[in-house]
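This report walks through selected local features of a structure, from charged pairs to surface patches and backbone geometry. Please keep the sequence and the coordinates at hand while reading.

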Amino acid sequence: MSRGRIGLVSLVAFGYAFLYLPVILLVIFSFNDSKLVTVWGGFSTRWYAEMFQNESLLQAAWRSLQIASINATFAVILGTLAAHVMSRYRRFRGRNGLDLLLTAPLVMPDVIIGLALLLLFVNMEQIIGWPAGRGITTITLAHITFSLAYAAIVIRARMGQLDLSLEEAAMDLGARPFTVFVRITLPLLAPALVSAWLLSFTLSLDDLVIASFVSGPGSTTLPMWIYSSVRMGVSPQVNALATLMLALVTLGVLVAGVLMHKKNA
Amino acid sequence: MASENHHGPAWGRRLAIGLPYGWLVLFFLLPFLIVLRISLSEPQLAQPPYTPLTEWVDDNNLDVHINLGNYALLGEDELYQDAFFNSVRVAFISSLVCLLIGYPMAYVIAASPPRRRNILLMLVILPFWTSFLIRVYAWIGIIKTNGLLNELLLSLGLITEPLHILYTPLAVYLGVVYSYLPFMVLPLYANLARMDPTLLEAAADLGARPIKAFLRITLPLSIPGILAGTMLVFIPAVGEFVIPDLLGGPDSLMVGRMMWTEFFSNKDWPLASSLAIVLLGLLVVPFVALQRWQRRYEDSDE
């Protein structure tokens, strides 16, 4: 290996170490018997046991899982429509506008989206009386709004790779556009739909800022619970929770990866 | 009409366009207009906690109150200017550091054989799937005064006094670079992977040394990827709240955090709204740049 190559490889190794160091430490210390982060007090699963007895944590987690799955489902439906429109309808009035509206949520700072949506919900309640108060409904609506942009990106990338001639062949054979979409396009899109659903799900499960703005009393989500317990001082239960989430996500991504690999092969 | 034949009945097409469009107009565009409106009102102790802009007086006269005081305050008070300046600086320097770490990563991933390439790419994306909040929190245990980093350096005898990193600006930079690194690597990778390898072969055949070929061919061709990655890091980082809040000290002024405080602690919705409007104005230029780059990228793709 040349000197330049060694330098390059070590730079890259450093980059990956940087990405994974905190995650690995988190996992290790979730099994630490000691309450102190820096002291190893022996192997223990007590934080996991405590976590499953923590009523407020379990409620927040259940609430977040509900929000995340409803959000992901709607985001994928709307995202698929948006992706279909953007990649198949070459020309329609307002195409650039839609493109802009689909890109902006990806980079817009959370504090702005959160504040803007809260003000919208307050005004809507004043004018049409819905949504009454703020809680799970408003959080879900807010999450769908930014998740749909991410879902559209993932699905659109896949649509760009699809073989158009399959759709054209079906249409030439007399299939109606809706039938073509359901029988040809959707099955081909399946891996992207799964990725988009998982992505929307995790984005929702991860959001603290926007949810804080649009939540009401009694609608503490999991990130809000984590945030307040981190602010109040480190609780090793957070480590245990993080490890559990990490394990589930890794499992989900691996399963999705294997399924997609099979499908493509 | 040919296009109707191709895309189905007009109502189906209209529904497909209208649903996502309507959603985004209602829940994304309209809210910004409301933010703009409320940034021009005054706070009051009522529900909702801001004064209306218009009021009917004697049934026939419409009173319009526009309060520019919030913007005047932002222009006068150095605290807010410092916050904006500091946010832009943190975002800019962090984008550069992300580029320095992310470019070699993207380069090596793009140059790897397909199997290894997928694994390396997966490894960049995987942390993105785990809670951002928890990953930022993990850094607290590493960099705090009696944290792992200090314990390690002290036991190695490299330092005699623990380093104070947590609750300093350095910790904020660390957190931002860490959290946004994947957003730099992915567009760079997408760009580098599309590059035509025959260009480099031609350069090598003509006697160019690898470093020269990189500087003259790879680097200029990857500028769109560099720009996209930088914007994807810079724009959200300017408005970041969680990182300065958890890792920065009480004096780490950033706009996102300031908006949060104005809103949640001071209950000053109009001032928070005007901060949001100024922040939006600041981000329009980098956003338009990103949008342009993307459109060109997609046009060359499809």
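## Salt bridges within chain A

In this predicted model, A:Asp33 and A:Arg46 meet through their side chains in a salt bridge, at 3.7 Å from N to O (a salt bridge being a side-chain nitrogen of Lys or Arg within 4 Å of a carboxyl oxygen of Asp or Glu). Because A:Asp33 lies in the loop between α1 (3-30) and α2 (46-51) of chain A and A:Arg46 lies in helix α2 of chain A, the pair ties together parts that are 13 residues apart in sequence; here helices (H or I, at least four residues) and strands (E, at least two) are DSSP runs, numbered from the N terminus. A:Asp33 is partly exposed, with a relative accessible area of 30%, and A:Arg46 is partly exposed as well, at 35%. For these classes, buried means under 20% relative accessible area, exposed means over 50%, and partly exposed is in between, with a 1.4 Å probe and protein chains only.

A salt bridge also joins the side chains of A:Arg88 and A:Glu167, at 3.0 Å from N to O. A:Arg88 belongs to helix α3 (residues 55-88) of chain A and A:Glu167 to helix α7 (residues 164-172) of chain A, so the pair ties together parts that are 79 residues apart in sequence. A:Arg88 is buried, with a relative accessible area of 12%, and A:Glu167 is buried at 7%.

## A salt bridge between the chains

A:Arg231 forms a salt bridge with B:Asp245, whose closest N and O atoms are 3.4 Å apart. This pair crosses between chains, running from A:Arg231 in helix α10 (residues 222-231) of chain A to B:Asp245 in helix α12 (residues 242-247) of chain B. A:Arg231 is partly exposed, with a relative accessible area of 48%, whereas B:Asp245 is buried, with a relative accessible area of 7%.

Both residues take part in a network of salt bridges that links A:Arg231, B:Asp245 and B:Arg257. Over all chains, a search of the whole structure finds five salt bridges.

## Conventions

Residues are numbered from 1 along each chain as its sequence is written, while chains are lettered from A and ligands numbered from 1 in the order in which they are written. Since the model is predicted, local features need pLDDT of at least 70 and side-chain atom pairs count only at pLDDT 80 or more, whereas totals for chains, interfaces and linings use all residues, and side-chain values use heavy atoms, with hydrogens and water left out.

## Overall layout of chain A

Chain A has 11 helices and zero strands, and its C-alpha atoms fill a box of roughly 70 × 65 × 35 Å, taken along the principal axes. Of the 265 residues of chain A, 54% count as buried.

On the surface, B:Glu55, B:Asp58, B:Asp59 and B:Asp63 gather in a patch of negative charge. Patches are made of residues with over 30% relative accessible area and no salt bridge, like charges being joined within 9 Å and nonpolar side chains (Val, Leu, Ile, Met, Phe, Trp, Tyr) within 5 Å. Lys and Arg count as positive and Asp and Glu as negative, while His and the chain ends are not counted; the place of a charge is taken as NZ of Lys, CZ of Arg, CG of Asp or CD of Glu. B:Asp59 is found in the loop between β1 (54-57) and β2 (61-64) of chain B, and counts as exposed at 68% relative accessibility.

A nonpolar patch on the surface is formed by B:Trp56, B:Leu62, B:Val64, B:Ile66 and B:Leu68, with about 560 Å² of accessible area together (areas come from the Shrake-Rupley method with a 1.4 Å probe, and for residues only the protein chains shown count as cover). Among them, B:Val64 sits in strand β2 of chain B and is exposed, with a relative accessible area of 53%.

B:Ser39, in the loop between α2 (10-38) and β1 of chain B, counts as buried at 0% relative accessibility. A polar atom of the side chain of B:Ser39 lies 2.7 Å from the backbone oxygen of B:Leu36.

## Backbone geometry

Most residues other than glycine have a negative phi, and most peptide bonds are trans. A cis peptide bond joins A:Trp130 and A:Pro131, with omega at about -5 degrees, and A:Pro131 lies in the loop between α5 (110-128) and α6 (136-161) of chain A.

Phi of B:Tyr167 is near 65 degrees, a positive value; B:Tyr167 lies in the loop between α7 (148-155) and α8 (169-193) of chain B.

Terms used
Polar contact = N/O pair within 3.5 Å; in protein donor to acceptor, adjacent residues only side chain to side chain.
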